Amino acid sequence: MVDTLGFGLGLRAEHYNAILEECPPLDWLEIITENYLVPGGKPLYYLDKIRDRYPLVMHGVSLSLGSTDALDWDHLKQVKALASRIEPAWISDHLCWTGVNGINLHDLLPLPYTHEAINHVVAQINQVQEFLGRQILIENVSSYVAYKQSEMTEWEFLSEIAKRADCLILLDVNNIYVSSYNHKLNPYQYLDGIDRNRVQQIHLAGHSNQGDYIIDTHDSPVIQPVWDLYAEAIKRFGAVSTMIERDANIPDLNELINELNHARSISDKMLKEKSVA
Amino acid sequence: MLDLRQLQINFQDFLLEKKSVIENEIVENRLSIYHQAYYLRLQEALQQDFKVLTQMLGRDEFNQFTRNFIVKYPSHFRSIRWYGKKLSEFMGENSLPEYLIEMAEFEWLLTESFDAADSVTMTIEDIALIPAQRWSELTFAVHPSLRRMACHWNTIPVWLSYQEEDFSLESQRNISTCIVWRSQYEVQFCALTVDESYMLEMMINGNNFGEICAALCKYIDVNEVATHAAANLKKFISFDLLIRVDIK
Ligand SMILES: [Fe+2]
């Protein structure tokens with residue numbers, strides 16, 4: 001595991017200029033890998049400039065580790081080339097599938113929590129890690145449906161895969177909250193089931209509550225129950241690199257930095273309490 | 001129990017509105033969330049790439065039309081950035097008006113140029129150093145972001161007026177060659193004159209300056225052709241269209 005990077009944000013094009021002009025107090029930034037798998041132009045221009053000033057991590061949305069299609073080696077080559085260009089602290093993607101038969105549905109679709117799926121995903125992650133020459137992080141996704149054929153809980157599924165593939169975990173605390181709400185599970189029990197030694201990064205985000213269910217929209221501030229869950233996560237896992245994802249209704253950078261500072265203060269408080277105890 | 005592959009095929013078929021029995025595999029049926037999100041996400045990406053086309057069609061009609069596109073052409077791209085590639089082709093298959101298809105083609109070229117490969121560009125000084133007697137042997141390389149398009153409508157003026165939120169300019173027939181390219185990371189576009197377009201095409205095809213001048217005689221008086229071609233060349237250089245000059 002890499003030491004904690006501190007507190008970061010997802011890099012969004014809306015903030016390129018503010019980041020370069022104001023050099024805001026961010027410890028690091030996370031990029032969406034696919035947005036920079038382009039030949040040239042502004043995206044890579046800004047990326048290189050920002051890389052000169054901040055540590056970066058790469059977060060993918062289309063490795064489709066859970067798909068029963070073969071891995072897309074051409075895509076992986078591009079990921080590897082981008083990694084050698086910007087030397088990210090780490091590379092992550094999601095524990096999900098995004099399509100089969102060559103189709104990309106551009107969504108993070110849930111897997112059934114079965115031994116069959118574990119075997120499959122572990123084999124895929126092994127190939128990816130071998131090809132990239134590094135451990136990757138896998139992230140838990142928000143889900144709206146559960147499969148009848150599941151044989152275990154989501155956290156058991158995630159933990160078993162991480163252990164067997166010897167990969168790290170990007171724990172999305174908001175996704176834990178969303179999925180637990182949607183499937184009537186206890187999010188704190190979820191945290192209990194995660195191996196603290198594998199949690200390299202935490203995601204926080206806002207969502208939209210529809211009453212019966214929650215949709216993971218990343219379009220609003222983090223809500224209090226998610227902050228509470230985050231505090232518990234820090235209590236259990238210690239200092240973990242934390243960032244906020246915002247993908248719609250993107251506000252001024254300063255607003256997000258304030259929100260990030262709230263995460264910082266929660267983390268500081270929990271770590272202090274932990275050290276006293 | 002369905003195996004993982006069959007489960008995924010069924011789930012995908014459901015999103016693609018094919019016959020599917022995925023419902024039987026699900027505990028709480030909230031599949032409609034995935035279904036709605038699938039179409040919405042791709043439609044939003046297309047709206048971003050085809051902003052003026054969206055306005056010309058009206059958002060409702062654009063969404064109706066792109067929904068059919070999404071059903072017919074599922075994405076095979078890793079990044080949603082490329083998804084609109086076939087939209088103008090699909091418009092043609094569905095006999096949409098030519099001026100709308102041309103707008104779609106133009107807006108797609110803007111996206112292509114935006115993140116095409118980078119290159120240093122050549123300057124006037126690069127050719128100033130070349131002795132006059134060797135000019136006829138010069139060949140040129142164009143910027144990787146350069147795209148050309150034969151326009152049959154006043155697509156660029158309409159696109160520009162939409163940027164000003166002026167929706168009154170009607171589409172009219174107007175034949176020209178348009179180019180789209182990037183200069184200093186900003187996408188540029190313009191219409192070329194007939195001789196400029198011809199000259200640029202010859203440059204792309206690897207013809208040397210002498211051959212270009214000879215060919216331009218069909219548009220320009222033979223006594224003025226060299227001066228005229230040199231002026232075009234300077235214009236292309238000042239536009240950042242050229243990246244290299246070679247002497248062959
Ligand atoms: Fe996330």
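## A guided tour of chains A and B

A search of the whole structure finds 24 salt bridges over all chains, a salt bridge being a side-chain nitrogen of Lys or Arg within 4 Å of a carboxyl oxygen of Asp or Glu. The model is predicted, so local features need pLDDT of at least 70 and side-chain atom pairs count only at pLDDT 80 or more, while totals for chains, interfaces and linings use all residues. Residues are numbered from 1 along each chain as its sequence is written, chains are lettered from A and ligands numbered from 1 in the order in which they are written, and side-chain values use heavy atoms, with hydrogens and water left out.

**Stop 1: the barrel of chain A**

Select the strands of chain A. Eight of them, in the order 1-2-3-4-5-6-7-10, close into a barrel with parallel pairing. Strands are DSSP runs of E with at least two residues, helices are runs of H or I with at least four, and both are numbered from the N terminus; two strands pair if DSSP finds at least two bridges between them. On average, neighbouring strands of this sheet are turned by 25° against each other, direction ignored. Axes are lines fitted to C-alpha atoms, for helices over the stretch in contact, and angles run from 0 to 180 degrees between N-to-C directions.

Next, select residues 28–32 and 56–59 of chain A. These are strand 2 and strand 3, which run parallel and are joined by 4 bridges. Opposite A:Ile32 stands A:His59 of strand 3.

**Stop 2**

Move to chain B, where 3 strands form an open sheet in the order 2-3-4, with antiparallel pairing. Strand 2 (147–153) and strand 4 of chain B stand at the edges, each with a single partner strand, so one side of each is left without a neighbour in the sheet.

Select strand 2 and strand 3 of chain B, which are joined by 6 bridges. Here B:Ala150 has B:Thr177 in strand 3 as its bridge partner.

Then select residues 173–183 and 186–192 of chain B, which are strand 3 and strand 4, paired in the antiparallel sense over 7 bridges. B:Trp181 stands opposite B:Gln188 of strand 4. The two strands form a hairpin with 2 residues between them, and B:Gln184 in the turn has a positive phi of about 50°.

**Stop 3: where the chains meet**

Show both chains together. In chain A, 51 residues are in contact with 42 residues of chain B, contact meaning heavy atoms within 4.5 Å. The two chains bury about 4100 Å² between them, 58% of it on carbon and sulfur atoms; buried area is the accessible area (1.4 Å probe) that two parts lose on being put together, summed over both.

Between chain A and chain B the count is 4 salt bridges. Select B:Arg41 and A:Asp107: they form a salt bridge, with the closest N and O atoms 3.5 Å apart. Select A:Lys42 and B:Glu186 as well, whose side chains meet in a salt bridge (2.9 Å, N to O). A:Lys42 lies in helix 2 of chain A and B:Glu186 in strand 4 of chain B, so the pair joins two chains.
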